Structures are given as C-alpha cells and as structure tokens.
Amino acid sequence: MEATTTTGPNRHVGRAIRRKEDPRFITGTGRYVDDLTLTGMLHMAIVRSPEAHARITSIDTSEAAAHPGVVAVYVAEDLPFEGGIPMVWAPPGVEVNAPDHMPLKSGEVKCVGDPVAVVIGSDKYGVVDAAERVIVEYEPKPAVVDPEGALEDGSPLVWEGFGTNKTHEWAVSGGDIDAALAASDVVLEHRIVNHRTAGAAIETRGAFAEWNGHTITLTSSTQIPHITRFILSGVLGIAEDRLRVIAPDVGGGFGSKLNTYGEEALVCAVARKLGRPVKWIETRTENMAYTHHGRDQIAYVTMGARSDGRVTGVRARLICDLGAYFQILTAFIPELGFPVAGGCYAFDAIDLNFTGAFTNKFATDAIRGAGRPEMTHWVEVMMDRLARELDLDPAEVRRRSFIPKEKFPYETPLGIVYDSGDYEGTLDKMLAMLDVEGFRREQAELRAEGTYRGLGYSTYTEVCGLAPSRAVGPQGVGLQAAFYESATVRVHPTGSATVYSGASPHGQGHDTTFAQIAADRLGLDPEVVDVIHGDTNTGPFGKNTYGSRSLAVGGEAIAIAAERVQEKAKRICAALLEAAPDDIELADGTFRVLGQPDKSMAMAEIAGAAYIPPQELPTEIEPGLEETAFYDPENFVFPFGAHACVVEVDADTGKVRVVRWIAVDDCGRAVNPALIDGQVHGGVVHGIGQALYEQVVYDADGQLVTGSFVDYALPTAAELPSFETDRQETPSPVNSLGVKGVGEAGTIAASPAVLNAVVDALRPLGVDYIDMPLTPMRVWQAIEASTRGVAPAGDPPPDSEGGR
Amino acid sequence: MSTVNVRVSVNGEAREDAIEPRLLLIHYLRDVVGLTGSHVGCDTSNCGACTVLLDGESAKSCTVLAVQADGAEVTTIEGMSTDGDLHPLQEAFWSEHGLQCGYCTPGMILMAAADLLARNPDPTEDEIRHGLEGNLCRCTGYHNIVKAVQKAAADGGARPAAEREGVA
C-alpha cells in the first residue's frame, strides 16, 4: 500500500506499511492457546448448570470418576480458593452489593452456565463424556430476567442476602439541569433500550496451566495477562511473582477477554493439585453462556432544546442489567460512558443516574466501547428526534450544538476536559463525500417506486486512552488499580531492536505500529524492530489492552523509552566522533554531526560500541543500550468523527439492508493509516451487528435462547457494503505522538446511525422509533402498527431468529 | 476404545492413522497430524474457521468425521504455500490488511481459493461477499477481505500451491 501520510521527521510513523505479524497468521503458524500441548497434559471439561436459579441438592460424581481416562472430578469443596473473582470498582461514597463469584458454585446456581464441577482426564472427548455422567440434582427457584421488574417491590431476589435486586446507584451531574430544561422551548422524553450483546470473538476463551512445584504458568486467551496475574494471585493465594501469565496469539477480544474468569483460576488450581499441565478450551455454547455479555441498559432520556435546535441539557436515568455476578468491571461499565454523555455538544447541563439490577443471567461487562456506545446511542438518537420535532436538518441540529474548535481544551459540565476536536471538520468532510442533495433526490424517486431508503447520521466523540490513573484509579472514579503503561526498548549489538510492551494485542497490530514508533526514534527500519508483549515474565509491568489505550498510553511509553535510547546513542556517537552530544542529529536513519555530513554513524555501529566499549568511550557512559519508561498520561484522549449510514428497508418484510456507509474519523496523528481503516471497518460492523442482527436472548425462565452462532446472528460479508472512509488529523496535546485511539470508535458511532437511517426511511409510513435490534420482525411490526393502527403489544417478543 | 484406520493425504503427504471413529476431521488435523493452522470457532459449522479443502472442495472440518476423509486429499493452510512462496491469496490478505487477529484467516483463504476463485476466477464484489457468507470474521468488517480476494483474483491466484505444483 502507498504511504498516505508523512509527518515531520517521521520516516515510518504515518505510513501504511504491511503488518509484521501477518506472515505467521496467513501461513497457519500463529500460536493460539489451543495450539499448545505439553507431555502429560490433561483436559478439563466443566459441568454447568442448566437452571437459571436453583438450589443444588446433590452432586454425584461417582460414575464420572470411574469413566476411562478420568483422573479427577472436583466439586467446589475439593478446590478451595482464597476468594472469588473480585470486582475491582469501589466508587467513593457509593455502596455496591458485590456477590460472591467463586470459580465453582456450591449451594445455589444463579444463571445458566454456572460451573458446578470439573472433570479432568487424559482424553479430550473422554472428559466431555464423563462430564455428562456427573449427576446434579437441582431444586429450581424463580428466575429474575427483567431488570425493571427486578427493581420492583416483591420481585423474587437473585441474592436474598442483599434484600434487594438493586446492585448500586451512582449519579453524576453538572450545570443546572432543572433551569436548563425550564428554559427550553422544546423538551423531548424517550425510553431507549440498548439490548444485551455478546463479544463473539471467533476464538473462544481457553486456559492452559502448568505447575513446576514453585511457579504456575498460565497461558490464556486473554487481553489482560498482567491484570489477570494480579487478580489470580489473590484468588489462588500465590505470590504474584510465582504466577506467570502469558497471552499467546489471541483470536479477537472485543472486551470479552478483558476479564479474569473463574475457569482460569480452575486450570491453575487443578494443575497445582495434580502436578500436571491442564488445558481447558471453551466451547461456543459455553462462550455464549459464560463469557461476559455487554450493553443491556434501558435509558429514560429527557432532552431540552431551544427553538433553533440548540440543546440546553440532557437528563438520563439508566437501568443497567448487570446479571447475577460481577466480573472485574461489571458494575463500572455503564458509568464508563459518563464522560461522553454530552457527545460533541456544548450542553449547559447533564444529569445522569445509573441504577444496577441483578438478574439471573451472566454478568455484563466491557464489550467494544464499554459504556460509550450506550451513552452515544441515546444521545445521537435524540439529536435526530429533536431535528424531526423542529423540522430541521439533522446535520444542522448537530452543528448548532457542536463545541466549536476554538474552545478546546473544553471542559464539559461534568468536569471532563476534552483534549482537542474539530467536529465541523469531520462533519463537513463526511457530508461532502455523501452528497446529501443527491441522496434526497434518489430517496424521493425510490419512494415513488415503493422502495424505502433512509439516511442516518452519528457524530460522536469518545473517551479513550485509559489511564490516567489519577482520574480512574482509587482516588478518582474508584478502580482499584493504576493504569499507566510501560515499555523497554533494547537495541542489540547487531543494531536490531526489541521493544517490550505491557500492552497485549489481540488483532490490533501492535507488532507493526509499535515498531514504527520505535524505528523512527532509533534510526532503524521497522523490519529490524521486534515487539514482544503478552508475557508477565518478559518486559516491565504492564496494564494490557482495552479501552483504545494501547497506542495513546503504550505507544507513548515506547516513544519515551526509545527517545531515551536515542539520547544515549547520541552521547556515544558524540564521544566517538569527537563532537558535542547536542551537535548530533538523527536524520534519514543516521546519527551525524550537524554541518559535517561525512561524520556519521549508523545505529548498528553505536550499538556495537555500547556493548563492547572502545577506549575512546568515557567510562561514565554505562555499557548497554536499553531504556525503560512508565507513562501515566495527564488526561484521556478524545477521538471523534462523523458517520453516515444509508439503509434500504423492504416494507413488506421489514428487512433492512445497509447500502452505504461513510466514515470520517479523527483519531489524532495516524501511525498506520491502513490499520486505522481496518479498525473503523471492524468497529462499524460490530455496531451494525448490534443494530440489526445480534441479541443475547434469555427467555422468561432465564433459559439462554442464543447459545450458539446458529441463534446469535453475526453479520456476514453478504449483508454488508464496502465502506467509504476518510480521516482528519487533529493531534492530541496529551501525548508527544499526538495520537488518540480508534479501536472502539466505529462501534460507538455505528448503532445510532443505523437506527436513525431506518427511521428516516420509514417516516412516510409514520414510524418514529424502533428499539434495536432492528430485525425484520420488529421493523415489520412497527410498520404494521403505524400503517394499520395495530397497537404493538409492548416490546416485540424476543426474537432469536436473527435479522437475516 | 476401538479404532479404525484412515488413509488420508494431507497437503500431499500420505498418512495412515488409527483413530476413534467419532474423531472430527478438525481434531484429526490438529491433534493427530499436528497442523494447528485450522481453527475451531463455533462447533456448529457457522463460522468457517475450520475450513479445509477435501478433494479440492471446501469443507468445514468441525462437522466432518475424519473417517469420512478416508481416501481423500486434504489441503490445509499449511499446504497453501510451498518453499516459502506464498499463494496469491496469502499475499493479498497481507498486502490488503485482510486480517487482524488472524483466527478466521486460514478458513477465509481456503474458502476463497476453493469456492470462489477456483469456480469463478473473476468474481464481482457481490459474488465474493456471497461466496464468503459462510465464514465469519469479527475483526475486519470484511471490507479488506473482499479487497484481498479481488487482488488475488487480479493476480490470477485460483489454485492452492500444492495443486498448482501438481503434488496433491
């Protein structure tokens, strides 16, 4: 691919170079957790609850234990842990009802999929056979599935000990919302559902543990090896330095592997108990039931505006279905959206209240965007409703409330400081690519033929780059950790380099972008810069990959460490060339004396001198060429953009087809434009998937209906158009690279654009709103209700047929 | 546990193995032959991460018994390149950024080779999209996968290397 951007002295940053990690993936030589085997390895299968809520009356493991090849069958009492999976959010001043979440359940089960026993044996098929011979008797209890019903008096309780299904309540507000609404010419109210979805990485989870009598090594398909080491050391009662966690190649995460799971603790405990390596690979059905879900919020929104369309303020009461347990971030995820409740807009007042509810479902937690897609969805849906109410153009309504670019850094009513932005820039660029007039003409012509096309916008900003520790840590919003990132940059005597990062990728392309960043600062080609990550025993302490943080936090740590190496290289070079260090410049990959082009050294020569110091090198220069940096930024970074979606709706069947997508995103300086586009494509499709097809469905008894990809409809290539993308680069002032993040941006932008487009298409039929997912059934029901006056009977029935 | 013998040619190499009759082809390839490039994603033949070629036709190997492959020629991703020469589809997935986490990639490449380019060397975008409908990718949004297949088609990359060499 051609280079599309070059910035200043950067030779490699800004170029769309091919990925360094790809050769192993395209030849089948990647190493995912299930690709690992060890002599003497045992397999683990898990016996799980088919009941949503029940008391366990008996477990009979005798037949399973006698099954050929079975080495052990364990129930909760056989595998004591120091504690369950902890929730790491302790918000100041707020009480949170955090239930026990032990790796194996005893007493009661609280959702389908709860693990009650494990079977360990030598044969992968044999342990599954044996698990079916574990006889568990249950006494069912009433299941709670509706979060609003759960919060009503008299509801059955998920956790009787708490006396309520309410998990917690957290509120934040800024500005005077009552005054803002009172001063409004128009006040809109709406209930907007953001339904439960799955991460659905194509690689399920898997965990493989070995014990050598002193140290446990856990290889896990995880986004967070360092955080998992920290958490599991507590669960297992082993010092952190005696637990090594490795994330090998990881087949996608999307937040679903941003967690520490009971199964990881189980393989460690069993490996330690039996003294043999133990592997567990999740089935897809286990994944749908017991890898955390996302979203699942109901927003009651009030938005006020003046007659010219300028929004005055928003109030939202959010009911958050957290499921039966807390995974590490469950209770915090809805709140993570709060910094962007104002979107791209200069609202005078924002008032938010989050109420969590227990239900007999598995936990929700971070799924791509984690709180920000939910927040952005209702903000952007309401902007379109406002435009319709005032009969204004939806792009113009947004423009009137945009924070102007000269107002950055901009402090929102909630005290969040947006680092940089130019929202009109991305909107204008998107509109130019779109050709609105052309679209409206085409729309009118097609409508005359009975074809319903619609256009929907989403202009978003998002908060990413988690860090900063002071904002999100114990003294900030209450996460019980710090969120810096680290890097070690080592130049070898050969003149090649290795970068060790605490960020841990699962498809993002760290090997490439991190090499580009280091290469520029070392005067090397990215080809000779290797990036090592995902192993707690190599490199410095890390905080891993999520929240679009790897580049803005991890990349900056690499830049700092590499610049320190460059400084040392300049001192060595200066000593050997008999010049002052300040007179050494790095240009075109060579260290040279300013004004003396014949006096220069390549990094390989300098590295050689660093490791085998010649006599001319002053003794105060330490041997070696390696530096480590920890970086904890002073603020978040706030990427933004403008997306447009064009849909066609078949009014007879309710089927929605996305026919065009235009995305103009601004994630600060581009390190690798090809990878940015790739993140936008994938992110947008994740959002389209939620808007049109995907839904985790539990029935009224708490049974999981969507237990496989047969029932959970992921978007395929056949449903989608190619995308029209462009970028704008507004550098972040927060870091020296000027970068933001882009991993979640597309997802955050996408779902409201789809919904707004469908409503635009169906306006002639009087359809004004439909809750996602916009399956043919729901869309058809909405058209029927509108055109035939058939009142919809509340929510449409949960449909597991998917949208295709 | 009773076993049966299967004779299978895997990437041009003749094998005979005693296996459990119920062993799935994907587990035979991964656990018995030791070729881990084919992946299990969904267990229900929806995702196509396990796609291999069975006598040149694409097959989701998580839903095929190894004994059904008795006497067949199997091609996996490991058989797509020879002596370090990448197949045009492999080259194109790399140059067009057609992969991110890489987990679905082997299945995508084999499906594109067998069900698309082998039958239709010059497919339209729509034909590519429908041809890949049975293979799921959660990372790329398919945009660059489609571009990669277009590029491979333009580069004339219709057959796997093993077949082009006449080995398989």
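**The interior: cavities, sulfurs and rings**

Reply: The structure holds nine cavities of 30 Å³ or more (a cavity being a set of points on a 1 Å grid over the protein atoms alone where a 1.4 Å probe fits but cannot get out; points join across faces, edges and corners, and volume is the space filled by probe spheres set on them). The model is predicted, so local features need pLDDT of at least 70 and side-chain atom pairs pLDDT 80 or more, whereas totals for chains, interfaces and linings use all residues. Residues are numbered from 1 along each chain as written, chains are lettered from A and ligands numbered from 1 in written order, and side-chain values use heavy atoms, without hydrogens or water.

The volume of the largest cavity is about 60 Å³. Its lining (residues with an atom within 4 Å of a point) comprises 15 residues, of which Cys101(B), Tyr103(B), Cys104(B), Cys137(B) and Cys139(B) are the closest to the centre. By class, eight lining residues are nonpolar, six polar and one charged (Ala, Val, Leu, Ile, Met, Phe, Trp, Tyr, Cys and Pro are nonpolar; Asp, Glu, Lys and Arg charged; the others, Gly among them, polar).

Turning to the sulfurs, the whole structure contains zero disulfides over all chains (cysteine sulfur pairs within 2.5 Å). For Cys42(B), which is in no disulfide, the nearest cysteine sulfur belongs to Cys47(B), 3.8 Å away. Cys42(B) is buried at 3% relative accessible area (buried: under 20%, with a 1.4 Å probe and protein chains only). Cys62(B) has its closest cysteine sulfur in Cys50(B), and 3.8 Å is too far for a bond; Cys62(B) is likewise buried, at 8% relative accessibility.

Trp89(A) belongs to the loop between β3 (70–75) and β4 (108–109) of chain A and Trp170(A) to strand β7 (residues 166–174), so the pair ties together parts 81 residues apart in sequence (strands being DSSP E runs of at least two residues, numbered from the N terminus). Trp89(A) is buried at 2% relative accessibility, and Trp170(A) is buried at 12%. Elsewhere in chain A, Tyr345(A), Phe347(A), Phe402(A), Phe408(A), Tyr423(A) and Phe640(A) make up one aromatic cluster.

How values were computed
Buried < 20%, exposed > 50% of the residue type's maximum accessible area, 1.4 Å probe, protein only. Helix = DSSP H or I, 4+ residues; strand = E, 2+ residues; numbered from the N terminus. Phe/Tyr/Trp six-rings, centres within 6.5 Å; stacked < 30°, edge-to-face > 60°. 1 Å grid on protein atoms, 1.4 Å probe; cavity = no way out; pocket = protein on both sides within 12 Å on 5 of 7 lines; lining within 4 Å.
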